[in-house]
Structure formats: C-alpha cells, structure tokens
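Hi everyone, thanks for coming. Today I'd like to walk you through one structure, with a look at its charged side chains.

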Amino acid sequence: MPYPPVGGDRFRVFHILRTAAEAGHSVHLLSFDTHPRDPVEIAPLERLATSVDVVPLPRPLSWLRAAQALPGRFPLQAAYYRSRRMRDRVDDAIRLIRPHVVYTHLFRMAPYAIPHLSRPGTRWVLDMTDVISAGMERSLPFRRGPDRWLHRLEERRIRDFEARVAPRFDECWVISEREARYLTALAPSSRIRVVPNGIGPERARPQASRTKARLLFFGFHEVFHNRDAVRFLVQEVFPRVRAAVPEATLDIAGKGSEALGAWARGPGVRVLGFVEDLEQTLLDAAVFVAPHRFAAGVQNKVLQSLASGTPVVATPTVRAGLEPIPDGVMRVADDAGGIADEVVALLRDPAAAAAQGALASLWVRERFSWRVSLHALEAIRRPAESETSPARAVSVV
C-alpha cells in the first residue's frame, strides 16, 4: 500500500497518484497489502482516489509460492505476488473502469497487465523505476554464501523477464538516465521515459538549527543496500571522523533501524528508529552521509537531504543516480578514508558547508518535480484525445 509514503516504492507511487488526482484526473488504486488496515490509516488515500481496492497478500502463502517457483525460470519476486484474487480484480477493473492509462508498478505486477495489453483505448505504463536485475547484479560482490547464490539465480531470471516484458508496454518508466541506459541495453526496442522522483510540496521551513558535528544517515533499513551502507559507515567511516573530530556524533534513523544488530552501534552512535519529523531531523544535522557501495536508481533520502540544504557526502554510485549533476552540489569519495576526509572538511568549515547546502537545495527544487510524472501520464494518452480534458481513469496497480 502506498501509504504512509515511507520507503522508495511507497513514496513514488503515492506522489504520482497524488499529483494526478490533484490535477483533476480520476484515479483508481488497486493494491496488495499484507495486513488489514484501520480505515483511518488509508483515509488520505481515499480522499485522493476515486476508489481504493485492497487485495490481501498473506506472507506465508507468498513465501510458499516463491519456493514453488524455484525449479522453474519464473522470477521468485513475481511468483511471490501471484494471486488469483488480484487477477480477477484487475480483470474486473479494466472491464468496468475502461481506463485511459494503466500505471503498473514494477515488473512483478506486469503479469496482471499482460493479458490486457491489446485492449483498445487504453495505454499501458510499466514503471520499472530501477532495472532490478542491474541493481541485483551490483549487489552480488557484497553478498555471501547461500544469499549470494540465490540472488545470482534471481538476477538471471529477472533480467530475462525484464527483457521480454518491457517492449510489450506502451512506455517503460525509469527513475534516472543511468537506469535508462541499462534498460536500453537490455531491451533495445522498449519505449523508455525517464520520470524522476520529485520533492514533496514545499512548506515554510524554520531556519536550520544544525547541531555542530552531528552526522546523519536515514533510510528504509529492510533493504540490503541500506544495511550495507550503515555497516560501512559505522565500522569504517565514522571511526575515522571521530579520530579527527572527537565530538562528532552519528544518528542512524528510519524505519527498521531499531532492529539493526550490534554492528550498528558504537561510541557516538545513536539509533533513532522511525522519526516522525524528518524535516527537523535533517535541519538538526551538520552533514548527511550516503556511503552506499552499491545502489540502484535515485536515493530518495539523498534528494530530501539536498532539498533541505543539508550538506551531503556520498559515493560515486549515489552521484551516478542523479546525473547530470553540477559540481558543488555534493562531495563525493569512493572509500572510507576519502568519505571521512570530506565529512571532516565540512565539519571544520561551516561556511563552506552552508554554501554547498544552499546550492544543492536550489538545484534539487528546480530539477525534481512530480509535475514530470503528471506530464508523462497525460502525454501517453492517444493523440486523438483532448489534451486538456481529464482522463476518465488512471488505474494504479
């Protein structure tokens, strides 16, 4: 369910849905969820969408379906989301709503759209966001034992599936130019559009009250690239920073951070868990550190940090997801010593840090807007239709 918009996937879908609905389009949401929700929890979605239809996804049954797919060649992630009930709901929605555009989120939902792709009057978007197989391949050197074997197996299955499925949709969306290059190489006949994430509606913000020498990392800690980044930061980068700036502290925040192991603790490190007021947490930080050794697409946490004016130190793989990016927006280094040196330089020169943060905030707010997703949805409608009239339905799966 794309609410609350915590984590990259929920964040992206919610804001695409919100932007289309606020522009006057009729949006119907069809989504899986793993547990029953209190109506209050999804009220913000129901205020935006014309309809919200939720299909239960029992985790034990989903894991069984994935395990049953091991002997074959079908991606385990797609098998995990197999559901006769979802198939029937999609069939009914397409027949009754007769949408102009169907937005299908991630390759694992593509099997529900494929039987309907020839339907006249409907255009089909597959939002891949990242090329999952490419991201999985980049993670393999950092995995060990059975985990590495399983992800290598899954990477090959997903790569083959992406290559077959992507060209069948009217458009495939990806989040960055880097992902567009990966998909072009994988599926050259695909019609690819880069639709970056945006920054949430701008609000009046208080003056930054940055705490001297406080470092911050936040993210969704159930994903491997974030856990690896935390381990690298706590064990290899932060001790070097503390050696140069003994008063330095590090806050680890975000959903799932409280469940990180002892390896995420140490002198000067605080594990905050989920924070309600992320904006204030960013404004309190002197430097945001994104030491990802591998990653896919665009890191939303980095965009949010840049937008807040918080100086960012990142690795080349994080910068690559934001290209083209002007010099001076963030500092970049590719090893623990280099990252620590850049952090220390910012801590020792608050004026330079403030100038970097101001430049970054201006650049992000000019380039990253959810209006891009709205224009993309409207542009994919058939040329014969009016460019100004609202779509009858945008079905978000």
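Let's begin with a question: in which helix does E179 lie? E179 sits in helix α9, which covers residues 177-186. Please keep in mind that this is a predicted model. E179 has a relative accessible area of 0%, so this residue counts as buried.

Now for the salt bridges. Side chains of opposite charge can pair when their charged atoms come close. The count here comes to 21 salt bridges, and I'll pick out a few.

R18 and E22 pair up at 3.0 Å, N to O. They are four residues apart in helix α1, and therefore separated by about one helical turn. R18 is buried at 11% relative accessible area, whereas E22 is exposed at 55%.

Next, D170 bridges to R123, with the closest N and O atoms 3.3 Å apart. That pair links distant parts of the chain, 47 residues apart: D170 is in the loop between α8 and β5, and R123 is in strand β4.

R214 and D251 also meet in a salt bridge, at 3.6 Å. R214 belongs to strand β7 and D251 to strand β8, so the pair ties together parts 37 residues apart in sequence. Both residues are buried.

Finally, the surface. R144, R148, R152 and R156 gather in a positively charged patch. Helix α8 holds R156 and also W149.

Terms used
Residues are numbered from 1 along each chain as its sequence is written. This is a predicted model: local features need pLDDT of at least 70, side-chain atom pairs count only at pLDDT 80 or more; totals for chains, interfaces and linings use all residues. Side-chain values use heavy atoms; hydrogens and water are left out. Patches are made of residues with over 30% relative accessible area and no salt bridge: like charges are joined within 9 Å, nonpolar side chains (Val, Leu, Ile, Met, Phe, Trp, Tyr) within 5 Å. Accessible areas come from the Shrake-Rupley method with a 1.4 Å probe; for residues, only the protein chains shown count as cover. A salt bridge is a side-chain nitrogen of Lys or Arg within 4 Å of a carboxyl oxygen of Asp or Glu. Lys and Arg count as positive and Asp and Glu as negative; His and the chain ends are not counted. The place of a charge is taken as NZ of Lys, CZ of Arg, CG of Asp or CD of Glu. Helices (H or I, at least four residues) and strands (E, at least two) are DSSP runs, numbered from the N terminus. Buried means under 20% relative accessible area, exposed over 50%, partly exposed in between (1.4 Å probe, protein chains only).
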